[in-house]
Amino acid sequence: MATGARAPGPASTPASGGDLARLLDTETRLEQALQRARDEATRLVTAAREAARARDAALGAELEAAAQRLEAEIASERDRTAREIADAARRDTERFDGVTVERIEEVARRVVERVIGGAT
């Protein structure tokens, strides 16, 4: 074997105090890195939850606004339809009110004549 080389396997020389210190230092640095990663993951999860809550609130507000717009449109359409029906009823009433008694008697006479005349 070359000078200063260790033999492989169990016959190797035990780790020196310096090797152990480096190992402990490495373990400490790895634990710190792991803790930083955990802290970052916690921060990211918290931020994601907050963002999801904000999106949920925004979508809820949009839905509420859309529902209010729809209710307003329905109310407007209902009012417009009611006005159209009332206007048509008023026009029909005015038209019927304009029919004279004489005209009603004349139409009644014709109906009776047709009924009686058609029966014979």
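Glu106 is partly exposed, at 28% relative accessibility. Here buried means under 20% relative accessible area, exposed means over 50%, and partly exposed lies in between (1.4 Å probe, protein chains only). Arg103 is partly exposed as well, at 40%. Glu106 and Arg103 form a salt bridge, with their closest N and O atoms 3.2 Å apart. The term salt bridge stands for a side-chain nitrogen of Lys or Arg within 4 Å of a carboxyl oxygen of Asp or Glu. Why can this pair be described as about one helical turn apart? Arg103 and Glu106 are three residues apart in helix α2 (residues 101-119), so about one helical turn separates them. Helices are DSSP runs (H or I, at least four residues), and strands are too (E, at least two); both are numbered from the N terminus.

This is a predicted model, in which local features need pLDDT of at least 70 and side-chain atom pairs count only at pLDDT 80 or more, while totals for chains, interfaces and linings use all residues. Residues are numbered from 1 along each chain as its sequence is written, and side-chain values use heavy atoms, leaving out hydrogens and water.

Now turn to helix α1, which covers residues 17-97. Arg80 and Glu77 form a salt bridge there, and their closest N and O atoms are 2.4 Å apart. The two are three residues apart in the helix, so about one helical turn separates them. Arg80 is partly exposed at 33% relative accessibility. Glu77 is also partly exposed, at 40%.

Helix α1 holds another pair, Arg90 and Glu94. Their side chains meet in a salt bridge at 3.8 Å, N to O. They sit four residues apart, so about one helical turn lies between them. Arg90 is partly exposed at 42% relative accessibility, and Glu94 is partly exposed at 48%. Across the whole structure, a search finds eleven salt bridges.

Which nonpolar residues form a patch on the surface? They are Val107, Val111, Val112, Val115 and Ile116, with about 420 Å² of accessible area together. Patches take residues with over 30% relative accessible area and no salt bridge; like charges are joined within 9 Å, and nonpolar side chains (Val, Leu, Ile, Met, Phe, Trp, Tyr) within 5 Å. Accessible areas come from the Shrake-Rupley method with a 1.4 Å probe, and for residues only the protein chains shown count as cover. Ile116 lies in helix α2. Ile116 counts as exposed, at 53% relative accessibility.
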